[in-house]
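Please look at the sequence and the model first, then read the points below.

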Protein chains: 2
Amino acid sequence: LSASSYIQLRKSAKKDLRGDDTTRVLAELISESLHVLAGSKTTQLKSEVREKTYFAFSRLNKLSRPLRSDLWDVELATRTIEPFVTGTYGKIPTNELDKILYTMAMSFCCATDLQKQGDKKTPATFFECFVGNIFARELGVNPRTQVDVLNLDMKATLPTDFLFDLGAEKCRIHLPVKLSTRERVVQVWAHQRVLDGVYGVGRFRGILVVATETKAGTESLKVTEICLPDQWAVYQMFISQLRRIYYLDVPARYSALPRVFPYIQVKPLSAFFAEKKKLISPAAE
Amino acid sequence: LSASSYIQLRKSAKKDLRGDDTTRVLAELISESLHVLAGSKTTQLKSEVREKTYFAFSRLNKLSRPLRSDLWDVELATRTIEPFVTGTYGKIPTNELDKILYTMAMSFCCATDLQKQGDKKTPATFFECFVGNIFARELGVNPRTQVDVLNLDMKATLPTDFLFDLGAEKCRIHLPVKLSTRERVVQVWAHQRVLDGVYGVGRFRGILVVATETKAGTESLKVTEICLPDQWAVYQMFISQLRRIYYLDVPARYSALPRVFPYIQVKPLSAFFAEKKKLISPAAE
């Protein structure tokens with residue numbers, strides 16, 4: 001992977017996240033990553049997650065993060081790079097869109113894993129730009145990444161995740177993006193709480209986007225999913241309310257959450273495209 | 001450092017945090033650590049913090065975390081191990097107590113750094129036991145580490161930091177303990193918020209104990225303090241209210257917080273011994 005494309009991504013994402021330049025650099029990085037991985041060996045992993053099988057790419061003594069066999073589809077992802085750039089990919093049926101979004105996002109992360117294992121920041125930044133670009137294009141505006149907290153005689157800014165302002169009388173979206181959440185997830189509910197406190201409950205709708213919750217043992221090659229559904233329920237009840245939690249690979253134990261109190265709406269990211277209008281309508285839900 | 005003493009600490013802390021066994025193993029680990037460090041070289045670090053100078057212990061290619069020169073006092077700490085075990089050390093003047101608590105806590109962390117750099121869990125667990133033992137002995141009860149969240153038809157437990165129940169009509173204390181906070185600190189305010197929501201605002205008083213916020217560059221040998229005072233103010237205003245934040249080495253930029261809105265009470269840990277009674281009185285403040 002060329003470092004220059006990645007630097008270019010950070011630059012153009014900062015300047016215009018929804019702009020054509022950012023979209024094109026994302027497409028380039030994905031194509032390049034798929035190419036790198038095409039020349040790498042694969043290793044079967046031992047799945048401890050029911051009904052999911054995983055493999056990883058390997059090179060010398062480096063092993064990529066786990067990939068879900070049924071969601072990894074290079075042929076489909078490659079074919080969709082052009083519609084991704086032009087912005088027509090959102091109309092593809094959701095079962096294919098699941099594979100496309102998963103393969104595109106994970107390709108860069110895995111290619112980076114093979115280059116420098118242990119680098120957490122580069123894949124995280126890529127994923128933020130990838131998801132941020134998708135949402136900014138679909139919502140038609142660029143986000144801000146910090147919020148002013150005005151309070152009588154003090155003025156502070158809280159650096160936060162993406163914040164979208166869709167205009168007067170319209171919705172505002174608080175969009176945190178994470179490769180995985182683990183024990184750090186409470187931060188998301190806490191930031192939503194701050195927004196509720198500063199701007200009023202309901203002004204910002206919280207939408208969390210996560211890639212996966214998988215973890216692979218480097219020795220055992222066992223893949224597990226780290227899930228804390230009881231803690232999520234407590235956060236949703238007592239800290240703040242998130243409107244959606246989208247995953248590229250919905251963890252088995254979270255997929256039941258929409259049907260039990262407090263009804264946390266966990267869905268595959270592909271669902272966003274179909275429910276976007278409803279989700280950003282001020283009256284809905 | 002012998003791994004067996006550390007395993008012994010975890011065992012006895014789990015069984016009886018305020019018990020003599022735990023206190024004695026802590027004292028042993030501290031003595032052992034001071035002995036290990038006595039045979040190690042020291043390296044002067046470049047302090048970028050005003051009015052504080054730092055050094056580190058080194059061995060082969062390993063470097064310990066930074067130590068504040070004026071708070072590191074082996075002679076005083078060694079002399080106080082006996083009063084620490086018997087529990088009379090709390091009456092020592094605060095300027096000496098600052099050095100004693102700092103040297104005792106950091107000794108084990110630095111000795112571990114020289115054994116296996118990059119091990120974050122062992123020092124963190126030691127520090128939790130050390131501070132937990134101090135508070136449990138001073139408060140006269142052992143803490144719990146999880147809280148039941150009863151809510152109509154669901155029952156969940158939230159694993160959390162130390163929770164002290166001082167008895168009916170008395171105070172309850174929520175005591176998170178961290179070696180440093182950085183960007184993860186919002187978790188503390190969020191957990192306090194959950195306790196406020198589940199049990200009512202004011203039932204649990206939040207007391208955060210932190211060692212330091214220093215960070216040393218391994219190449220540059222520059223020591224800086226990572227502080228986010230504006231974000232702390234926002235959390236204290238909009239998430240929940242912590243009653244005290246105690247430090248072994250109070251960061252320069254946090255020492256002003258008690259005098260500006262929202263008046264976050266940041267103090268050296270030694271202050272706890274003098275204000276303990278006031279702090280746990282249900283009527284006070």
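Cys129(B) is buried, because its relative accessible area is 8% and buried means under 20%, exposed over 50% and partly exposed in between, with a 1.4 Å probe and protein chains only. This is a predicted model in which local features need pLDDT of at least 70 and side-chain atom pairs count only at pLDDT 80 or more, while totals for chains, interfaces and linings use all residues. Residues are numbered from 1 along each chain as its sequence is written, chains are lettered from A and ligands numbered from 1 in the order in which they are written, and side-chain values use heavy atoms, with hydrogens and water left out.

**Around Cys129(B)**
- Helix 5 (residues 121–139) of chain B holds Cys129(B); helices are DSSP runs (H or I, at least four residues), numbered from the N terminus.
- Beyond its neighbours within four places in sequence, Cys129(B) is in contact (heavy atoms within 4.5 Å) with Leu9(B), Ala13(B), Leu17(B) and Leu26(B).
- Between Cys129(B) and Ala283(B) there are 29 Å in space, C-alpha to C-alpha, and 154 residues in sequence.

**The two copies**
- The same surface serves both copies, as 100% of the contact residues of chain A recur in chain B.

Methods: Helices (H or I, at least four residues) and strands (E, at least two) are DSSP runs, numbered from the N terminus.
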